[in-house]
Protein chains: 2
Amino acid sequence: MIMQSVVLFGLGSIGVEIFRALYHNKKYKIAGVVDNNPSKVNQDAGLIAGKKRTGLKVVSKISEIKSNPDIVIHATMSSLSDVNNQISSIVRNRINVVSTCEQLVYPIGSNKKIAKTLDRLAKKYNVTIVGVGVNPGFLMDSMVLMLSSLCTKINKIKVERIVDLTKRRKALQKKMCLGRTPRQTRDIMNKLGHVGLEESAMMICDALNVKPKLHTKIKPIIAKHHIHSNGVSVRRGQISGIEHNLIAKNKGSEFLRMNLSMYAGAQEYDFVEIKGIPPLSIKTSGVNGDKATVSLLLNYIPIVLSAKPGLFTLNKLRIPWAHM
Amino acid sequence: MIMQSVVLFGLGSIGVEIFRALYHNKKYKIAGVVDNNPSKVNQDAGLIAGKKRTGLKVVSKISEIKSNPDIVIHATMSSLSDVNNQISSIVRNRINVVSTCEQLVYPIGSNKKIAKTLDRLAKKYNVTIVGVGVNPGFLMDSMVLMLSSLCTKINKIKVERIVDLTKRRKALQKKMCLGRTPRQTRDIMNKLGHVGLEESAMMICDALNVKPKLHTKIKPIIAKHHIHSNGVSVRRGQISGIEHNLIAKNKGSEFLRMNLSMYAGAQEYDFVEIKGIPPLSIKTSGVNGDKATVSLLLNYIPIVLSAKPGLFTLNKLRIPWAHM
């Protein structure tokens, strides 16, 4: 078995999970850790990840990694314009990239231009760039597409993902305003919500040859009673999470309806229903998003390494599976 | 939109469904129909398919089709050795093939040799061969692999498919000995069951790097009371269907357990459970297998047409979706 040499770029809350997953995995060797946060630079990555000392010092730039790694797992920010420079620097160092950047999973709108530039750069430096994740990237898009292949006709699609925020990382809880009051968050609520729902919708619509109009709405969910779960407390009247809805209309009528609800104490599940020929529906018993995203990053490594140079979206690549 | 020119090879019970699906679909033009059954040759394919006269006369050999079609949808038999000559003749006529042949979906055992020869032939004639279907091909293998990509560790996988035989085609009901007595079928029961369960198991195990020992068992399900559903009657004591079980052991312990139960009056569902990190499970509300297989055949056409020459299994190809 060939051990793949991996650099981790970003040692935030997901980065730490990735570090732990890589550290005890015999298929991968951690060739370096990059994070531009001054409080982390020069620290031992193992200690930051809550493990023992590993001798792996965090460096601030990808150019400081001299070991010629196979791939970078990039896990910093959600917005493609925010990570564009980071990813470009990795590509210029001739290293493949698999990234958690939500907007990279399926670039839409103004991100298409950035994606095109990254694609050209990747081809120039002979490397591959892929954005992956459980959502966007799997439960609300790739899996929906996969299921659509069972149909010859599709009238309407409904996709739901219900997440118990108390089971997720603190950073996500904070982003979703958990425990704050509606008054405190009134001005920011519309800028919040999950990054990637429109990307998921467009991955589905583009593939199914639908030119949709998208309508999205984000609203806070207010706790109706005191919630205490997994060490998290939310009082009655406080924000327990958010509900993010999207409707894609095709020629005036609803084609796709998506609902992502993330709140404290939710009964978790994912649901996909296709009204078509044949009709079908599928329901999960909930999928831990942080753990699943870490898995997807690792499991896409062999796919990225065997892909042609360029930037690829998941729907252009082979079916993924656990790389065991 | 480019209309694809399709030849249908095999006008049995699934073939008839394919004909109907193709006939009203603007993306495809039926360029010809092949069936070597003398009672069908020279007949109007539309009339055989229960539609109006179409002017499409059934021919007995692929070489009689002179219109240079894009692809053949091949739907005749389950065994690869039985269809080898048919598929070879299509390939020698330089036409791509998407086939319902269960053993072609993932050739195992002695079929690997046939597959290798077909692969060489396909490369020689610059065409692509792919076997598809809902099972094997999707619900008990591709979808399981896809879900496994959410995990970094997998201890055990359970896959179930429960089918109400009264909702399926007569040919399948007959194959499953519906309405016969255990005494009548004692000698043939072990040769029966679903073709493809071992193929599905090996598609999963090969991808997940497990070298399993497979144990399979087929037993009849006896009606405990009179069943009357969808125009099908089964009396108490008669065979209402079969239960086909497979266990794949890895180094002595169970890694994969599959159960396919097809019987009259069953409450339909599909179920996949992965015990791993993270644990997950998924359940469908049942998928009409005949309709879904027809969909997959049509939806794989663009994938087959854009693939390289050779014989491919589904796990090497991009995620499928409805070709709308």
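Me: In which loop of chain A does N68(A) lie?
Reply: In this predicted model, N68(A) has a phi near 60°, a positive value in a residue other than glycine. Most residues other than glycine have a negative phi. As for its place in the chain, N68(A) lies in the loop between β3 and β4 (71-74) of chain A.

Me: Which strands stand at the edges of the open sheet of chain A, and why is one side of each left without a neighbour?
Reply: Chain A has an open sheet of seven strands with parallel pairing, in the order β3-β2-β1-β4-β5-β6-β15. Each edge strand has a single partner strand, so one side of each is left without a neighbour in the sheet, and these strands are β3 (58-59) and β15 (310-312) of chain A.

Me: Which residue of β3(A) stands opposite V34(A)?
Reply: Strand β2 (residues 28-34) of chain A pairs with β3(A) in the parallel sense, over two bridges. In β3(A), the residue that stands opposite V34(A) is V59(A).

Me: What is the bridge partner of V98(B) in β6(B)?
Reply: In chain B, seven strands with parallel pairing form an open sheet in the order β3-β2-β1-β4-β5-β6-β15. Within chain B, strand β5 (residues 96-99) is joined to strand β6 (residues 128-131) by three bridges, and the two run parallel. The bridge partner of V98(B) in β6(B) is V130(B).

Me: How many Å separate the centres of domain 1 of chain A and domain 2 of chain A?
Reply: The domain assignment divides chain A into domain 1, given as 4-133 + 291-316, and domain 2, given as 142-286. The contact between them takes 11 residues from domain 1 of chain A and 11 residues from domain 2 of chain A. Taken over C-alpha atoms, the separation of the two centres is 26 Å.

Me: Which residues in domain 1 of chain A lose the most area to domain 2 of chain A?
Reply: Between them, domain 1 of chain A and domain 2 of chain A bury about 980 Å², with 65% of it on carbon and sulfur atoms. On the side of domain 1 of chain A, three residues together account for 51% of what that side buries, and those that lose the most area are E102(A), Y106(A) and I108(A).

Me: Which element gives the most to the side of domain 1 of chain A that touches domain 2 of chain A?
Reply: Across this interface the count of salt bridges is zero, while one residue pair is found in polar contact, both residues being at pLDDT 80 or more. The elements that give two or more residues to the side of domain 1 of chain A are α1 (13-23) and α4 (102-105) of chain A. With three residues, the element that gives the most to that side is α4(A).

Me: How many residue pairs in polar contact does the rule find across the interface of chain B and chain A?
Reply: Chain B and chain A bury about 3,900 Å² between them, 69% of it on carbon and sulfur atoms, and 42 residues of chain B are in contact with 42 residues of chain A. The count of salt bridges between the two chains is zero. With both residues at pLDDT 80 or more, the number of residue pairs in polar contact is 19.

Me: Which residue in β14(B) does K283(A) stand opposite?
Reply: Strand β14 (residues 280-284) of chain A is joined by three bridges to β14(B), and the two run antiparallel. In β14(B), the residue opposite K283(A) is K283(B).

Me: How far apart are the closest N and O atoms of R20(A) and E17(A)?
Reply: Side chains of opposite charge can pair when their charged atoms come close. Both R20(A) and E17(A) lie in helix α1 of chain A, three residues apart, about one turn of the helix. The two residues form a salt bridge, and the distance between their closest N and O atoms is 3.7 Å.

Me: Where in chain B does P278(B) lie?
Reply: Most peptide bonds are trans. The bond from I277(B) to P278(B), however, is cis, with omega near -10°. P278(B) lies in the loop between β13 (269-277) and β14 of chain B.

Notes:
Residues numbered from 1 in each chain as written. Chains lettered and ligands numbered in written order. Predicted model: local features only at pLDDT ≥ 70, side-chain atom pairs only at ≥ 80, totals over all residues. Heavy atoms only, no water. Domains from an automatic or database assignment. Contact = heavy atoms within 4.5 Å. Buried area = accessible area lost by both parts, 1.4 Å probe. Salt bridge = Lys/Arg side-chain N within 4 Å of Asp/Glu carboxyl O. Polar contact = N/O pair within 3.5 Å; in protein donor to acceptor, adjacent residues only side chain to side chain. Helix = DSSP H or I, 4+ residues; strand = E, 2+ residues; numbered from the N terminus. Pairing = 2+ DSSP bridges.
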